[in-house]
Amino acid sequence: MTEGPTVFAGIDEAGLGPLLGPFCVGWCVLAAPRGTTDLWHTLQDAVVRTPTAGDERLVVDDSKRVHSGSMLGRARLEATALAFLRASGRPGASLRDLTTSPPPPLAPPSLLETDQPWYSEAVALPEHAGEQSLERQERALARTLEAQGCSVLEAAVRVVGEAELNASFARTQNKAASIWSWVGPLVVSLFERFGERHLHLTLDRQGGRRRYGALVAAELPFAEVRVRREDREEALLEVREGARRMTLLVRPRAEDASLPVAVGSCLAKQAREAAMEAFNRWFLDHQPGLRPTKGYVQDGRRWLAEAGPALQASGIERAALERTR
């Protein structure tokens with residue numbers, strides 16, 4: 001095994017429950033000195049879970065708590081997602097930058113190049129966070145990472161549009177199986193690329209699923225997968241293949257235990273927010289005065305009931321927008 005920094009990674013999702021809009025899987029990979037146990041503490045000069053008034057540090061927590069339904073929360077969510085995306089070396093100036101952020105092994109066809117034109121509407125970022133304050137936060141993050149011997153190796157989000165989502169539901173007939181169809185290949189990719197430095201990967205629990213040993217073994221058939229624990233509290237697995245090693249922890253509310261999971265949560269939520277902004281702008285062009293939607297079930301039904309003229313004018317069938325599960 002290669003000596004050097006330990007690699008911590010986390011994966012989380014946003015948007016599984018809504019009726020309209022994409023499902024998003026976000027992840028973050030950080031390298032930190034061996035012996036690091038609390039990345040919030042290590043990076044405390046640049047990040048915070050619960051900010052006080054006037055605190056300009058990036059808020060890294062569960063995306064629902066960061067967002068908080070307020071304009072300030074929306075700006076904080078955007079700043080956290082974009083700062084970590086840019087720290088990984090990826091651009092972060094538009095919706096396209098989010099949808100094309102996964103590296104080639106994981107990158108899907110761009111939403112902007114498919115038959116979902118509602119994502120072609122230009123959404124420049126940041127929309128809510130001030131660019132000057134975001135730049136200060138980025139510089140603080142860069143200084144803190146360097147001072148602590150850390151680095152952001154990867155930050156990305158996989159945006160799954162309605163057509164791809166419904167196709168998966170039709171194939172699997174199961175939401176949990178569909179989630180794993182995107183998360184499983186990501187686990188493999190992270191293991192293959194970062195396992196030689198001992199990857200510590202944390203996942204948010206996939207719905208009610210508690211057992212992951214067989215799933216991981218199927219994804220990595222040549223690896224040794226040892227199940228250390230699988231119960232209602234968590235699943236803990238050790239995976240080895242040659243020089244590669246991975247400790248995989250799956251637990252509910254994983255964003256409370258893992259900073260990379262919390263960053264992944266913010267990336268996923270930010271991508272969905274930006275995608276829904278594009279969605280609303282595109283259909284508003286076809287029906288002035290159409291009230292926007294976040295896509296959640298009750299409001300999604302309201303939107304579909306009101307959007308008849310927009311659908312007729314655009315030639316979009318309702319079935320192209322509405323999730324089947």
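Begin by selecting Gln206, which is buried, at a relative accessible area of 1%; buried here means under 20% relative accessible area, taken with a 1.4 Å probe on protein chains only. The model is predicted, with local features needing pLDDT of at least 70 and side-chain atom pairs counting only at pLDDT 80 or more, while totals for chains, interfaces and linings use all residues. Residues are numbered from 1 along each chain as its sequence is written, and side-chain values use heavy atoms, with hydrogens and water left out.

Gln206 sits in the loop between β6 (199-204) and α8 (213-219), where helices (H or I, at least four residues) and strands (E, at least two) are DSSP runs numbered from the N terminus. Show its surroundings next: leaving aside neighbours within four places in sequence, Gln206 is in contact with Glu13, Ile179, Val183 and Tyr212, contact meaning heavy atoms within 4.5 Å. Its side chain also reaches the backbone oxygen of Asp204 at 2.8 Å.

Now move to helix α9, residues 259-286, whose 28 residues reach 41 Å from first C-alpha to last, close to the 40 Å expected at 1.5 Å a residue; the expected span is 1.5 Å times one less than the number of residues. Of these 28 residues, 23 are buried. At the N-terminal end of α9, select Ser258, which caps the helix with a side-chain oxygen 3.2 Å from the backbone nitrogen of Val261.

Because 12 of its 17 residues are buried, α3 is largely enclosed by the rest of the structure; Gly73, Leu77 and Phe84 are among the buried ones. Just after α3, Gly89 takes a positive phi of about 95°.

With both helices displayed, α3 and α9 pack at an angle of about 115°, their axes 9 Å apart, the axes being lines fitted to C-alpha atoms over the stretch in contact and the angles running from 0 to 180 degrees between N-to-C directions. That makes α3 roughly perpendicular to α9, a term covering 65 to 115 degrees. To see the contact, select residues including Arg74, Leu77 and Phe84 of α3 together with Val263, Cys266 and Gln270 of α9.

Finish at helices α6 (residues 162-172) and α7 (residues 175-194), which pack at an angle of about 120° with axes 9 Å apart.

Definitions and conventions:
Buried < 20%, exposed > 50% of the residue type's maximum accessible area, 1.4 Å probe, protein only. Polar contact = N/O pair within 3.5 Å; in protein donor to acceptor, adjacent residues only side chain to side chain. Parallel < 35°, antiparallel > 145°, perpendicular 65-115°, else oblique.
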